[in-house]
Amino acid sequence: MELSFVIEKFILITIIFAISLLIAMYSTYAERKVAAFLQDRLGPDRAGPFGILQPLADGVKMFMKEEIIPSNANKWLFMVGPGLAMLTACIGTAVIPWGSTVVIGDRIVPLQVTDINVGILYIFGVVSLGVYGVMIGGWASNNKYSLLSAIRAASQNISYEIAMGLSIIALLLVTNTMSLKEIVEQQHGWRWNVLYQPMGFLIFMVCAFAETNRAPFDLPECETELIGGYHTEYSSMKLGFYLFAEYINMFVSSAVMAALYFGGYNYPGMDWVLAQTGPVIGPLIGTLVFFAKIFAFIFFFMWVRWTIPRFRYDQLMHLGWKALIPLAIANIVITGIVIAIIEKF
């Protein structure tokens, strides 16, 4: 393996990791500003111009707070839980194509850490592992409310992963590949998959809300019933890791939805722009377009949180098992029939 290849991938991983943390940090600021806008308030406005330094102040506060571990907690697992939540949140970015290839001198640099032919399965594997951080944290706290929250999170994730997986099957019927890079490349220009799979996208998006524990599916963190949920006993940066993991999961979910259904870094007129700007600036413009789509989804996540009330737990299970799964199966059948008719005629 060439040393230049290793350095190239290391730099790309470092940049993606730094961007993920930066977006997670400022998502907390955006969350409060969006909530303030929807509720006719100001939001953070003291730390820096327009409160722009508030995330930095919150980060310093998290580091400076006293570290408390309950005396009856399983101390080793209590520390592993937040770290596992952060790890599983970050590694999902490895297979996302952030842009097309950039030509630097005589070297072609793909803006993707790795392009594996089972990228979608990798994403699902990472998503399914994410619940372990919540489960371990809730169980290790030795707090009944935290344990109930962890159980809720596990049952919720299992329920909605099924519908999410079924929604992807219909997309695979259309694309004939599980590589995220190939799926994005097939959506060149305006050929976005959301136009062919609107029902699949709707199911996937609802499941993404549930998988990231975002309102109205935030039952694991339901403060009116479970105090703070699975991280009730956590303080300082251990609590910060859980909060960061939620926002990184939201960022990764938005990136996956943008890649699968909204063309990723593709946009109308991109061939003309690429011809005018060259092999370096052109792909980077596509990356900026991709991030614009991601930010639109993040805003939508926040908009929904401050607009729609939380489900009851029985309503959440009813929606997952009796509505989304039958809809996803029907979508697979309809997609298969349409593809068979098109191929025949």
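**Salt bridges, burial and overall form**

Visitor: Is K238 buried or exposed?
Guide: K238 has a relative accessibility of 14%; this value, like the others here, comes from a predicted model. Residues with under 20% relative accessible area fall in the buried class. K238 therefore counts as buried.

Visitor: With which residue does E67 form a salt bridge, and how many residues separate the two?
Guide: E67 is paired with K238, and their closest N and O atoms are 2.7 Å apart. E67 sits in the loop between α2 (54-64) and α3 (75-90), whereas K238 belongs to helix α9 (residues 236-261). The salt bridge of E67 is thus formed with K238, and this link between distant parts of the chain covers a separation of 171 residues.

Visitor: To which accessibility class does E67 belong?
Guide: The relative accessibility of E67 is 38%. The buried class is under 20% and the exposed class over 50%, with a further class in between. E67 therefore counts as partly exposed.

Visitor: Which parts of the chain does the salt bridge between E246 and R214 link?
Guide: The side chains of E246 and R214 meet at 3.2 Å, N to O. The two residues are 32 positions apart and lie in distant parts of the chain. These parts are helix α9, which holds E246, and, for R214, the loop between α7 (198-211) and α8 (223-226).

Visitor: What are the relative accessible areas of E246 and R214?
Guide: E246 counts as buried, with a relative accessibility of 10%. R214 is also in the buried class. The values are thus, for E246, 10% and, for R214, 1%.

Visitor: Why does the salt bridge between E31 and R305 tie together separate parts of the chain, and how many residues apart are they?
Guide: In this salt bridge the closest N and O atoms of E31 and R305 are 3.3 Å apart. E31 lies in helix α1 (residues 3-38) and R305 in helix α10 (residues 270-305), so the pair joins parts separated in sequence by 274 residues.

Visitor: Which residues are linked with E31 in a network of salt bridges, and how many salt bridges does the count give?
Guide: The network contains E31 together with R214, E246 and R305. The count of salt bridges comes to nine.

Visitor: What contacts does G200 make beyond its neighbours in sequence?
Guide: G200 is located in helix α7. Its relative accessible area is 0%, so G200 is buried. Apart from neighbours within four places in sequence, the residues in contact with G200 are S167, Y261 and N331.

Visitor: How far apart in space are I151 and Y230?
Guide: I151 belongs to helix α5 (residues 144-175) and is partly exposed, with a relative accessible area of 46%. I151 and Y230 are separated by 79 residues in sequence. In space, from C-alpha to C-alpha, the distance is 9.3 Å.

Visitor: Which peptide bond is cis, and what is its omega?
Guide: The proline concerned, P216, lies in the loop between α7 and α8. The cis bond runs from A215 to P216, with omega near 5°.

Visitor: Where is D40, and what is its phi?
Guide: D40 is placed in the loop between α1 and α2. At 72% relative accessibility, D40 counts as exposed. Although D40 is not a glycine, its phi is positive, at about 60°.

Visitor: Why may the chain be called as compact as a globular protein of its length, and what is its radius of gyration?
Guide: The chain has eleven helices and two strands, in the order α-α-α-β-β-α-α-α-α-α-α-α-α. The globule rule gives 20 Å for 345 residues, and the chain's own value is close to this, so the chain is as compact as a globular protein of that length. The radius of gyration is 21 Å.

Visitor: What share of the residues is buried?
Guide: The accessible surface comes to about 17,000 Å², of which 72% belongs to carbon and sulfur atoms. Of the 345 residues in the chain, the buried share is 49%.

Conventions. Residues are numbered from 1 along each chain as its sequence is written. This is a predicted model: local features need pLDDT of at least 70, side-chain atom pairs count only at pLDDT 80 or more; totals for chains, interfaces and linings use all residues. Side-chain values use heavy atoms; hydrogens and water are left out. Helices (H or I, at least four residues) and strands (E, at least two) are DSSP runs, numbered from the N terminus. The radius of gyration is taken over C-alpha atoms; the globule rule is 2.2 Å times the number of residues to the power 0.38. Buried means under 20% relative accessible area, exposed over 50%, partly exposed in between (1.4 Å probe, protein chains only). Accessible areas come from the Shrake-Rupley method with a 1.4 Å probe; for residues, only the protein chains shown count as cover. A salt bridge is a side-chain nitrogen of Lys or Arg within 4 Å of a carboxyl oxygen of Asp or Glu. Contact means heavy atoms within 4.5 Å.
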